[in-house]
Amino acid sequence: MVAAGGGVLTGKHLNADSDHDRLNKAEYFQHYKVERAMQIAQIVIDIAAEVGCSAAQVALAWIRQQSPCHIPIIGARNLDHLKDNLGCLNVTLNQAQLTRLNTASEVDPGFALQFLRGLQNLFLRS
């Protein structure tokens, strides 16, 4: 999982007119700019306002708090970004905030999982 997703979860791409909007300028990043990603970014920004920290710190703290097996990877482009990102070590999200983030980012298993569950039920009844 990419915590900041090319900067999407930091909220800097919510404004399409932004001068530094790499998502509008680089075709590689187009897959990040989808409505769902922007909705998740808005939740990250809202939680950052609640906690009193940056959206990047919330995104990194969210990953850090998932389990000991999840380690956020910092991709800072300059010293200010690095300092801000390291600030995630001082951020602890409460259970309600983690639930909001986890719920918003759940992957819809769609048809494949429904099909497999149907097969499972069919074989368990036999």
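A residue is called buried when its relative accessible area is under 20%, exposed when it is over 50%, and partly exposed in between, using a 1.4 Å probe and protein chains only.

**Before you select anything**

This is a predicted model, in which local features need pLDDT of at least 70 and side-chain atom pairs count only at pLDDT 80 or more, while totals for chains, interfaces and linings use all residues. Residues are numbered from 1 along each chain as its sequence is written, and side-chain values use heavy atoms, with hydrogens and water left out.

**The whole chain**

Show the chain as a cartoon. It has six helices and zero strands; both kinds of element are DSSP runs numbered from the N terminus, helices being H or I with at least four residues and strands E with at least two. Of the 126 residues, 29% count as buried.

Now colour by pLDDT, the predictor's confidence in each residue, from 0 to 100. The chain has a mean of 80, and 73% of its residues reach 70 or more.

**Helix 2**

Select residues 35-51, which form helix 2. This helix has 17 residues and reaches 24 Å from its first C-alpha to its last, close to the 24 Å expected at 1.5 Å a residue; the expected span is 1.5 Å times one less than the number of residues. Which residues of helix 2 are buried? They are A37, M38, I40, A41, V44, I47 and A48. An α-helix has 3.6 residues a turn, so residues three or four places apart point the same way. After helix 2 comes G52, with a positive phi near 85°.

**The nonpolar core**

Select V44, I47, V58, W62, V91, L93 and L101. These have the most contacts inside the largest nonpolar core, which has 13 residues. Such a core is a set of buried Ala, Val, Leu, Ile, Met, Phe, Trp, Tyr and Cys residues joined through side-chain atoms within 4.5 Å. Helix 2, helix 3 (55-64) and helix 5 each supply at least two of its residues.

Centre the view on L101. Leaving aside residues up to four places away in sequence, L101 touches I43, V44, I47, V58, W62 and L93. Contact here means heavy atoms within 4.5 Å.

Q97 is buried, with a relative accessible area of 8%. Its contacts, not counting residues up to four places away, are I47, E50 and V51.

Next, show the side chains of E50 and R100. They meet in a salt bridge at 2.8 Å, N to O, and the structure holds one such bridge. The term means a side-chain nitrogen of Lys or Arg within 4 Å of a carboxyl oxygen of Asp or Glu. Side chains of opposite charge can pair when their charged atoms come close. E50 is partly exposed at 46% relative accessible area, and R100 is partly exposed at 33%.

**A loop to finish**

Go to A76, in the loop between helix 3 and helix 4 (79-86). Beyond residues up to four places away in sequence, A76 touches H81, L82 and N85. How far is A76 from L86 in space, C-alpha to C-alpha? The distance is 9.8 Å, and the two are ten residues apart in sequence.
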